[in-house]
Amino acid sequence: MTATQGASVRDSGQDGDRTPRSAGSVLRSYVALTKPRIIELLLITTIPTMFLAAGGFPSLWLILATIIGGYLAAGGANTLNMYLERDIDAKMKRTRNRPIPSGAVSPRAALIFGITISIVSALWLGLLVNWASAALAVGAILLYVVFYTMILKRRTSQNIVWGGVAGCMPVLIGWAAVTGTVSWTAVLLFLVIFFWTPPHYWPLAEKFSEDYAAAGVPMLPVVASRMSVARQMLMHTALMVASSLAIIPLGSTGWVYGVAAVGSGLWFGFLVVRYALRVRRGLTGKALGPMTVFHGSITYLTVLFVALAIDPFVTL
């Protein structure tokens with residue numbers, strides 16, 4: 001029996017002799033559907049953006065309300081993504097133990113859960129924050145579920161580039177939560193994350209390229225040469241750093257952000273250039289070090305946005 005067939009049997013309720021699960025186990029499965037580790041990264045970008053938009057501390061209630069609404073929106077989108085990709089997840093070693101392919105949550109239950117918390121997120125943000133942030137959250141959900149998952153992912157190697165737009169939305173939501181609108185500074189922060197996404201995700205796709213190939217997902221490292229991927233990573237990294245620096249002349253930031261943007265940009269640029277040089281030398285696997293770039297990208301974004309959060313409170 002294949003993993004997919006096994007999941008189908010579990011989902012159809014034909015394994016009635018299975019030991020009943022505890023409430024804690026069920027809860028953990030539903031939390032796993034929301035991909036909390038990914039959401040942590042989204043929150044890292046949202047809160048500092050709110051600080052910058054407010055020029056200091058927004059109200060604690062506004063921060064909490066925005067975080068909860070943002071978590072629900074991202075969690076709903078991630079759950080619907082897992083529902084739609086359950087066939088892919090069952091074929092990949094990295095994802096076959098996720099709640100749906102493992103049988104921990106049925107597809108129907110996941111669909112209902114995803115739709116429910118997506119609707120709740122929009123109402124929560126609209127009623128407790130403002131309707132501008134709610135509209136942006138709904139847009140983010142639709143971009144991730146429809147534009148990325150349903151249209152792009154299985155059809156084009158540029159899936160993560162354009163599909164990554166959904167992951168950029170939290171900065172717009174955070175800015176709108178404070179100001180009720182979106183400024184050029186927020187747009188540039190959006191672009192930072194937009195250009196950051198490919199050099200962040202493609203190294204991970206490189207490591208798991210066999211998994212993606214087996215599942216029939218045309219991630220760029222699966223269908224293009226490593227050198228082609230490396231060149232595109234270099235281009236996106238350069239545009240990412242340029243976008244981060246373009247924020248400084250707007251006058252919204254001070255020296256803390258400026259130093260962090262330059263320093264972290266140079267550091268991450270070094271990692272990507274080194275990766276490209278290793279590709280050129282024909283290195284593979286651990287010698288190529290794709291996960292060094294992947295983890296480095298997370299550090300870069302964290303440093304940049306922590307500096308963004310600190311910057312409004314430091315003056316010379």
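This is a short tour of one predicted model, stop by stop.

**Start with confidence**

Colour the chain by pLDDT. The chain mean is 91, and 94% of its residues reach 70 or more. Now select helix H1, residues 3–11. Confidence in the chain is lowest here, at a mean of 42.

**The nonpolar surface patch**

Select Leu 60, Trp 61, Leu 64, Ile 68, Ile 115, Ile 119, Leu 123, Leu 127, Leu 128 and Trp 131. These residues form a nonpolar patch on the surface. Together they have about 1,000 Å² of accessible area. Which elements give two or more residues to the patch? They are helix H4 (60–84) and helix H6 (107–128). H6 provides the largest share, five residues.

Trp 61 has 47% relative accessibility, so it counts as partly exposed.

**Further along H4**

Select Thr 66, which also lies in helix H4. Is Thr 66 buried or exposed? Thr 66 is buried, because its relative accessible area is 1% and the limit for buried is under 20%. Show what surrounds Thr 66. Leaving aside neighbours within four places in sequence, Thr 66 is in contact with Thr 46, Met 50, Leu 125, Val 129 and Ala 177.

**Into the core**

Hide the surface and go inside. The largest nonpolar core has 78 residues. Select Met 240, Tyr 300 and Phe 305, which touch the most other members. Then select helix H10, residues 184–207. H10 supplies the largest share of this core, 13 residues.

Centre on Phe 305. What does Phe 305 contact, leaving aside its neighbours within four places in sequence? The list is Ile 44, Thr 45, Pro 48, Thr 49, Val 171, Leu 189 and Ile 193.

There is a second, separate core of six residues. Select some of its members, including Met 82, Ile 100, Val 105 and Ala 110.

**Ser 29 and its contacts**

Leaving aside neighbours within four places in sequence, Ser 29 is in contact with Arg 21, Pro 99, Ala 104 and Val 105. Ser 29 is found in helix H2 (residues 23–33). Ser 29 is buried, with a relative accessible area of 9%. Draw a distance from Ser 29 to Pro 99, C-alpha to C-alpha. The two are 70 residues apart in sequence but 5.7 Å apart in space.

**Lys 35**

Move along to Lys 35, in the loop between H2 and helix H3 (36–54). Check the backbone: Lys 35 has a positive phi of about 55 degrees, although it is not a glycine. Lys 35 is also buried, at a relative accessible area of 10%.

**The salt bridges**

How many salt bridges does the structure hold? It holds four. Visit three of them here.

Select Arg 154 and Asp 87. Their side chains meet in a salt bridge at 2.9 Å, N to O. Arg 154 lies in the loop between helix H7 (131–152) and helix H8 (159–163), and Asp 87 in helix H5 (residues 86–91), so the pair ties together parts that are 67 residues apart in sequence. Arg 154 is partly exposed, at 39% relative accessibility. Asp 87 is partly exposed too, with a relative accessible area of 30%.

Next, select Arg 98 and Asp 89. Their side chains form a salt bridge at 3.3 Å, N to O. Asp 89 counts as buried, at 2% relative accessibility.

Finish with Glu 206 and Arg 226. Here the side chains meet at 2.8 Å, N to O. Glu 206 lies in helix H10 and Arg 226 in helix H13 (residues 226–246), so this bridge ties together parts that are 20 residues apart in sequence. Glu 206 counts as buried, at 10% relative accessibility. Arg 226 counts as partly exposed, at 36%.

Key:
Residues numbered from 1 in each chain as written. Predicted model: local features only at pLDDT ≥ 70, side-chain atom pairs only at ≥ 80, totals over all residues. Heavy atoms only, no water. Patch = residues over 30% accessible without salt bridge, like charges linked within 9 Å, V, L, I, M, F, W, Y side chains within 5 Å. Areas by Shrake-Rupley, 256 points an atom, 1.4 Å probe, with all protein chains shown as cover. Helix = DSSP H or I, 4+ residues; strand = E, 2+ residues; numbered from the N terminus. Buried < 20%, exposed > 50% of the residue type's maximum accessible area, 1.4 Å probe, protein only. Core = buried A, V, L, I, M, F, W, Y, C linked by side-chain atoms within 4.5 Å. Contact = heavy atoms within 4.5 Å. pLDDT = per-residue confidence, 0-100.
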